[in-house]
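Thanks for coming. I have one structure today, and I will keep it short.

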Amino acid sequence: MRVLVTGGAGFIGANFVHSTIENHPDAEVTVLDKLTYAGNPDSIAGLDRVELVVGDIADADTVDPLVKDADVVVNFAAESHNDNSLNDPSPFIRTNIEGTFQILEAVRRHGTRLHHISTDEVYGDLEIDEPRKFAPGDPYKPSSPYSSSKGASDLLVRAWVRSFGVPATISNCSNNYGPYQHIEKFIPRTITNLIDGVRPRVYGTGEQVRDWIHVLDHNSAVWEIINKGRIGETYLIGANGEKNNLEVTKMILAEFGRDPDDFDHVNDRPGHDQRYAIDNSKLVEETGWQPSFQDFAAGLHNTVEWYKANEAWWRPQKEAVEAKYAKQGQ
Ligand code: NAD
Ligand code: DAU
């Protein structure tokens with residue numbers, strides 16, 4: 001089985017490559033990655049049966065032969081950070097929309113199976129206290145340039161399935177945590193700040209809720225959908241992991257033996273989504289998937305240990321990331 005993983009040098013894609021090599025002895029993996037600031041070849045270095053092609057998913061001539069050779073394409077490649085999309089939306093439009101379009105055209109030409117990775121943010125946000133969660137079929141109401149570009153990519157996939165019979169599925173997952181996540185994101189930023197003795201930064205009140213899932217659970221669900229999902233369907237991936245940002249900050253502070261109030265409130269994110277929460281019942285009922293990481297505290301502990309043990313992986317980025325946040329008062 002030849003698996004084309006776009007964005008496989010990024011956080012979730014790299015973890016997907018590792019678990020695919022470990023769990024699928026018949027798999028040969030080609031990674032197509034532009035190696036933007038968020039892609040790191042070290043995340044997949046030294047793996048057998050993995051080839052890295054450096055290139056852009058928005059470039060048809062790069063994408064076409066790779067899709068032609070693949071049995072399945074898993075599209076993780078994206079600009080993925082909300083804060084960056086507020087500063088400059090243009091790469092989000094090119095990669096997330098034009099890039100998905102080029103992948104769809106290639107899978108249309110070659111009849112290749114596609115799984116498109118998307119986000120729960122396409123559904124907008126929920127009130128902090130309402131009992132409702134996001135469910136498949138909810139209307140798309142994205143808030144940011146990032147989430148609207150992901151929503152646009154999903155709509156392209158749906159149209160290519162219906163109009164051209166492209167064999168594709170979509171998944172929309174909640175917030176991931178685990179190893180190899182870029183330190184611009186909340187959990188690794190907070191961990192690496194504490195490694196450096198710097199107080200964590202909490203946007204606004206910190207009462208916003210995210211539905212945390214370990215990256216390995218996201219990826220095991222993706223394989224279940226590839227194997228058992230119905231073509232044309234959308235599956236929501238989540239593991240009932242709702243926590244607000246204050247709770248997560250205090251849990252990470254505890255990992256470092258620091259006082260629970262040893263953090264700073266900083267400027268809020270414009271348009272900040274209040275709460276994400278996933279109803280995963282369609283995925284569970286149709287595929288039998290269950291998450292392995294039921295204990296967020298244990299998964300967070302392992303993640304803290306990973307960042308402590310892998311400083312060489314993240315250190316080169318730290319100064320520039322913090323300089324960018326400082327300019328925004330964050
Ligand atoms: P990431 O930013 O860590 O990695 C993205 C990867 O894509 C990088 O390796 C980057 O170099 C590559 N890339 C960017 N533009 C490219 C292009 N034009 N051509 C080829 N490669 C390109 O992102 P992530 O957090 O791993 O997210 C992966 C996917 O999962 C995204 O589609 C994102 O929307 C989705 N997602 C992320 C989360 C999360 O919590 N991180 C949750 C749900 C869904
Ligand atoms: O829900 C899925 C989405 O989760 C993915 O589609 C995105 O790619 C991924 O980045 C993530 O989006 P968020 O915007 O929720 O993640 P982020 O890590 O940027 O922020 C998580 C929460 O923490 C959010 O409420 C903002 C807040 N925050 C973030 C940073 C970086 C802070 O309070 N302080 C910080 O320093």
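First, the conventions. This is a predicted model, where local features need pLDDT of at least 70, side-chain atom pairs count only at pLDDT 80 or more, and totals for chains, interfaces and linings use all residues. Residues are numbered from 1 along each chain as its sequence is written, chains are lettered from A and ligands numbered from 1 in the order in which they are written, and side-chain values use heavy atoms, with hydrogens and water left out.

Now ligand 2. Around it are 23 residues, counted as near if a heavy atom lies within 4 Å. T119, D120, Y146, R269 and H272 come nearest. By class the shell holds 7 nonpolar, 8 polar and 8 charged residues; Ala, Val, Leu, Ile, Met, Phe, Trp, Tyr, Cys and Pro count as nonpolar, Asp, Glu, Lys and Arg as charged, and the others, Gly among them, as polar.

Which elements supply at least two residues each? These are α6 (186-195) and β8 (201-203), and β8 gives the largest share, 3 residues.

As for individual atoms, a polar side-chain atom of N82 is 3.0 Å from a ligand 2 oxygen. A polar backbone atom of R201 sits 2.8 Å from a nitrogen of ligand 2, and a backbone N or O atom of Y203 is 2.8 Å from an oxygen of ligand 2.

Last, the largest pocket has a volume of about 180 Å³. Of its 16 lining residues, A239, N240, G241, F293 and Q294 are closest to the centre. The lining divides into 7 nonpolar, 6 polar and 3 charged residues. A pocket here is an open set of points on a 1 Å grid over the protein atoms alone, where a 1.4 Å probe fits, with protein on both sides within 12 Å along at least five of seven lines; lining residues have an atom within 4 Å of a point. The volume is the space filled by probe spheres set on the points, which are joined across faces, edges and corners.

Note on methods. Polar contact = N/O pair within 3.5 Å; in protein donor to acceptor, adjacent residues only side chain to side chain. Helix = DSSP H or I, 4+ residues; strand = E, 2+ residues; numbered from the N terminus.
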